[in-house]
Amino acid sequence: MPETPMSPTPMSQRHRITVTVNGQSHEREVESRRLLVDFLRDDLHLKGAHIGCEHGVCGTCTVLCNGESIRSCITFAVQADGAEITTVEALASGAVLHPLQEAFWEKQGLQCGFCTPGMLLRAYEMLQRDPDPDAATVREGIASNLCRCTGYQFIVDAVLDGAERMRAGASAAAASGSAETVDS
Amino acid sequence: MKPPPFYYAAPATVSEALSLLSEHRESEPRVLAGGQSLVPLMNFRLAHPTHVIDLNKVTELSFLRSDDGRLTIGAMTRQAVLERSAEVRLGAPLLAEAAGMIAHEPIRHRGTVGGSIAHADPAAELPAVALAMDAELVAASGRGERVIPATEFFLGPFTTALEPDEVLTEVRLPAAPGTGYAFVEFSRTHGNFALVGVAALLELDGDRIGRAALALCGAGPCALRVTEAERLLAGASPDGDAIGEAAEVAAAGLTPSSDAHASGEFKLRLTRIYVQRALETALARAQDRR
C-alpha cells in the first residue's frame, strides 16, 4: 500500500491475483478498485453475472465464492485472490442445460432474463443445502434477488420443479453408479 | 458507479493491520471488513478513502469461543455463522435471532459482526443486540488494547468511540442463562433495514420480573438502551400492565426523524408496539425456560 516510487498514485498500484473461476485458474493484474463483477465480465469475458444496482441490493451480480452466494458488485476483484468463484456459466454443460435451467425454461421462471443468472445461482445454492424445500422456504430464499417481471410466482414454481428434477437426477445417478457432474 | 482509485492492502495479522493504520494515519485509512456497507458507499462515491486496509485475510479475527457460557466472537466472524452456530443459539439466542434478520443471506455470507458494530448504522441490528447484552467491545491499536462497554460505544449515527488508529477485534458477551429474549423489527420489505427494531432480555425472579434489558435500533440517532423502561420493569408483576407501561415509557423520550420511508410519528408508534411485542415474547420464553 505505501506510496512507493513503484506506485506514485493509487491508480498505478496493481495487484497480481489468481482466481479459480468455474474450475479454471486465471492470473491477472487488477487495480485496487476493480469490482469482481467487472473482472468477470470485462477481463474474463464471462458475461453471465449482470450489473444491476451496483450497490448490493438487486442480486443480479450474484456469484458463488467458495460455494457461498455473494454480491460481486460490492466485492473487489483483489479480494477474490485465491478464491473459487462459480458463475452461471458453470451450470450448463455445453448445449445441455442444467435441470434447474430446464425448469426455469419450462415453468417460465423468467421474462426479460436480467435477474436470471443471480436467481439460478441463488436457487442452486439453496438446493445444495436443502434439496427438497417447500414453497415458503424458496420464496424466503430468493427474497435476496429482485425480479421486476415475473412477480416471483413462476420463479418459485421453477425452483420447486428444478429441485424435483435434481433429486430425480441424483437418484438416477446413484442407481447407475455414475457421479453427477453439475458442480464444477 | 465505480469507486474512485485507492491504495489497498490486505494484512494477514492484526498487528500488521495496526502498523498500516498508524503508518498511514495522515491519509485517514478506512478499515474494510465485510464491505457490505463500505463498498456500496464507495461505489456511490459517498465515501472516497484513499487508503483501504482489508481485514479479510486476518484469519485470527474469525472465531467463536465459548467458556462457561461466555461467548467471545472475533470481529471478522461472518453474520451467517451466527445464525448457523449451535454455540450462539445456546449462549446468545438473542444474537442468533437478530442475525437472521440482517439483510439477506448473500449479504450475511460477507457481512461481519465487527463491521456492523463499528459501522454503527442507526438501523442495524447488531449494535442494539450488543447494547442489550452488555457486550464488551475490544479495540486494539498500536498503543495496546482496551475494552469498551457497548453502552459507551455508540455515540451517534455512524459514530463510535473507536479512535482512528483502533480496530475492533472482538465482541465479548456475558453468559445469561435462563433469560427470556426477543428480537423483533419492522421493515417495509423483507430483508430491508428495519424502520424500528427492538432487542429485549428479561429474567424472572420468583413470580416477578427480575432484570430487564431493552435496546432499540432505528428509533434514534444510534442504537440506544432505554433504561427508564428497564427500571419500571424490574420487580414488576408480569401479569399486570408493566409491559404496556414500559412500552409507553420506552417511546416517551424519543424523537425519531422522518424520512422517505416513514414519518417520525409512525416510527414512534412502531416503537411502542414493537417494544410491547418484544417484551411479551421475552417473558413467554423466560417462563418456558423455567
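Student: Let's start with Asp134(B): how exposed is this residue?

Tutor: Asp134(B) is partly exposed, with a relative accessible area of 34%. The label follows from two cut-offs, because buried means under 20% and exposed means over 50%, with partly exposed in between. Please keep in mind that this is a predicted model.

Student: Where does Asp134(B) sit, and what is its phi?

Tutor: Asp134(B) belongs to the loop between α8 (125-132) and β6 of chain B. Its phi is near 55°, which is a positive value in a residue other than glycine.

Student: Which class of exposure does Asp68(B) fall into, and why?

Tutor: Asp68(B) counts as exposed because its relative accessibility is 78%, and the cut-off for that class is over 50%. Asp68(B) is not a glycine either, yet has a positive phi of about 50°. This residue is found in the loop between β4 (64-67) and β5 of chain B.

Student: Is β10(B) largely enclosed or open, and why?

Tutor: Strand β10 (residues 167-173) of chain B is largely enclosed by the rest of the structure, because six of its seven residues are buried.

Student: How should I read a pocket?

Tutor: Rolling a probe the size of a water molecule over the atoms shows where empty space is left. Take the second largest pocket here, with a volume of about 400 Å³. Its lining has 21 residues, and those nearest the centre are Arg122(A), Glu140(A), Gly141(A), Glu105(B) and Arg108(B).

Student: What does chain A look like as a whole, element by element?

Tutor: From the N terminus, the order is β-β-α-β-β-β-α-α-α-α, which comes to five helices and five strands. The C-alpha atoms fill a box of roughly 60 × 40 × 25 Å along the principal axes. Of the 184 residues in chain A, 51% are buried.

Student: Which domains are assigned in chain A, and how far apart are their centres?

Tutor: The assignment gives domain 1 (14-90) and domain 2 (99-178). Their C-alpha centres lie 22 Å apart. The contact between them takes 18 residues from domain 1 of chain A and 14 residues from domain 2 of chain A.

Student: One last stop: which residues does His261(B) touch?

Tutor: Leaving aside residues up to four places away in sequence, His261(B) touches Arg188(B) and Leu195(B). You will find His261(B) in the loop between α10 (242-252) and α11 (264-288) of chain B. For a sense of scale, His261(B) and Arg84(B) are 177 residues apart in sequence and 31 Å apart in space, C-alpha to C-alpha.

Note on methods:
Residues are numbered from 1 along each chain as its sequence is written. Chains are lettered from A and ligands numbered from 1 in the order in which they are written. This is a predicted model: local features need pLDDT of at least 70, side-chain atom pairs count only at pLDDT 80 or more; totals for chains, interfaces and linings use all residues. Side-chain values use heavy atoms; hydrogens and water are left out. On a 1 Å grid over the protein atoms alone, a cavity is a set of points where a 1.4 Å probe fits but cannot get out, and a pocket is an open set with protein on both sides within 12 Å along at least five of seven lines; lining residues have an atom within 4 Å of a point. Grid points are joined across faces, edges and corners, and a volume is the space filled by probe spheres set on the points. Buried means under 20% relative accessible area, exposed over 50%, partly exposed in between (1.4 Å probe, protein chains only). Helices (H or I, at least four residues) and strands (E, at least two) are DSSP runs, numbered from the N terminus. Domain bounds come from an automatic or database domain assignment. Contact means heavy atoms within 4.5 Å.
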